[in-house]
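Try each task before you read its solution.

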Amino acid sequence: MSWMQLSPEEWTAVHLSLKVSTWAMVVSLPIGIAVALLLARGKFWGKSVLNGIVHLPLILPPVVTGYLLLLTFGRRGPVGAFLAENFGIVFSFRWTGAALACGVMGFPLMVRAIRLSIEAVDRKLEAAAGTLGANPAWVFFTVTLPLILPGVIAGMILSFAKAMGEFGATITFVSNIPGETQTLPSAIYTFTQVPGGDVGALRLTIVSIIISMTALVASEAMSRRLGKRLDIE
Amino acid sequence: MTVSVDISQRLGSLTLEARFESAGRLTALFGPSGSGKTSLINLIGGLMRPDRGRITAQGRVFVDTAERIFVPAHKRRVGYVFQEPRLFPHMSVRTNLLYGRWFTPSAERYEDLGRVVELLGIGHLLERRPSRLSGGEKQRVAIGRALLTSPRLLLMDEPLASLDEARKAEIMPYIERLRDETKIPIVYVSHSIGEVARLASDVAVMSQGKLSAFGPTGTIMQRLDLLPKEAQGEGGAVLDMQVAAHDREFDMTMLASRAGEIRVPRIDAGLGNKVRVRIRARDVIIATERPQGLSALNMLAGTIAAIQPADGVAVEVRIDCGGEAVMSRITRQSLHALDLAVGRPVFAVIKTVAFDQENLSRTGALHDI
């Protein structure tokens, strides 16, 4: 099985992909919950516009999304320049940019899953918590959040899986720099472009399948345990 | 005054208007569905905001639109028991019960878990999940959860409506204990005349968004014209009486009041205890002389105070028996045959077996002044 031995470069790609996907998932989670709440519960002007913007990465070609990110978050983009000057946060050609691209691409999937679970929450339970003295923040953290946890976990897994597979937007926005922005899909793509790279591509493909399956199984197990605990009638 | 309400609120095509002040231990909001009872209790609980008006409870202002005061629900310290239990499915019964406790300042906590658990008989359920409880158990836990916030006022919105008769009978005594043994005034929404007659100290009758009558239960129950058509046969006198003696041989209990003595099927209460008796108008026969050779055991002497026509064949006769009113529903034909008129002395005759468990209940003091 010596052919399964990953080379140091391949390990770097695997490690980078996990880091990028985890960051993309963790950072987009609070924003995802907030946006899902707004879309599920909010009544405000421009709600359908917000809904459209959130879903844009799902319908646009990934390359277009990547290019838009480059225009906005690149060194000379309005947001990118502002963040670089004031906070020292740089996205272009860094792993942080890869995480941003992955987070944006997975965002609609995450929001969708969380939004559906929020819409399924019985608001009468929240009203009951209010009459028991809980202010809206307490109601959210003690009643709403525990009840939507299965949806939140599903959203996190979807976002993570999307990030692990993201290719088009990432390569357009931050290119394909080994050790910095070369995630698993970019590495596989690179292998297929060089003679004799088949074995490397296959190895990374297998690693990719294992990671995705593990995430899926873990999420299934977690929802089952939660379901048992929640015991919703 | 324990609770005072004076509000108006548009609800679609209906305008809800109500004004009353109650010092009763349990004030019932009574009326058919769609009459605005639930909206009114939601206004008191802070789940809705009135267009205009003022609501106070235990001396605290909850809403005053003139002063631009609106206290949100979570700051009112009002216990709310809904028609459905609304227990949190992700918490155990114990955690559900203690949920509201965190939010009550410790100086204002007067209920503790042990007492509430004992009062409601839910000690064996504490570690269970809500989904493992029966309907009646869930509703008892919901009542306990509301009590443990040490509320200033307890609101109950048809808490028995979703339960079957057996479960209702199981919970009813607990609500009586709440009324008699805790110091929390209760506002209770119901469309069941049986529940109101048994539980309420005062009744606010709602009809199409308007308050059509308000007063002590005994007074309101005599006003058969205020009751919805289908409930009129269920209306009648509600007398608060005292246990005078038990008759072991025939398994009966003697109750005394200003109206006289009546015999009812034996009830489990000590001498001198207060018992509320509902005498349905349709169970009362009128006799012009003391009847002889009659199986009915209860004959109350009195004089006719009023005669009102009811629907079609029937009339309602109010008989003043020593200062208490007893209602009778008889046919117009009988009225003519007996030549009944206001001022005429008569006997109200009631069969002992007309009093079933639903019509007899123990009570404590029903008003705080």
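**Exercise 1. Find how strand E16(B) pairs with strand E20 of chain B, and over how many bridges.**

Solution. Start with E20(B), residues 345–350: E16(B) pairs with this strand in the antiparallel sense over four bridges. Strands here are DSSP runs of E with at least two residues, helices are runs of H or I with at least four, both numbered from the N terminus, and two strands pair if DSSP finds at least two bridges between them. Next, look across the pair: Val284(B) stands opposite Ile350(B). Then widen the view to the open sheet of five strands, in the order E16-E20-E17-E18-E19. Its edge strands are E16 (284–287) and E19 (324–331), each pairing on one side only.

A note on the model: it is predicted, so local features need pLDDT of at least 70 and side-chain atom pairs pLDDT 80 or more, while totals for chains, interfaces and linings use all residues. Residues are numbered from 1 along each chain as its sequence is written, with chains lettered from A and ligands numbered from 1 in the order written.

**Exercise 2. Work out which helix gives the most to the side of chain A that touches chain B.**

Solution. First, count contacts (C-beta atoms, placed from the backbone, within 7 Å): 18 residues of chain A meet 20 of chain B. Second, list the helices that each supply at least two residues on the chain A side: H6 (123–131), H7 (136–165) and H10 (198–230). H6(A) gives the most, with six residues.

Terms used:
Contact = placed C-beta atoms within 7 Å.
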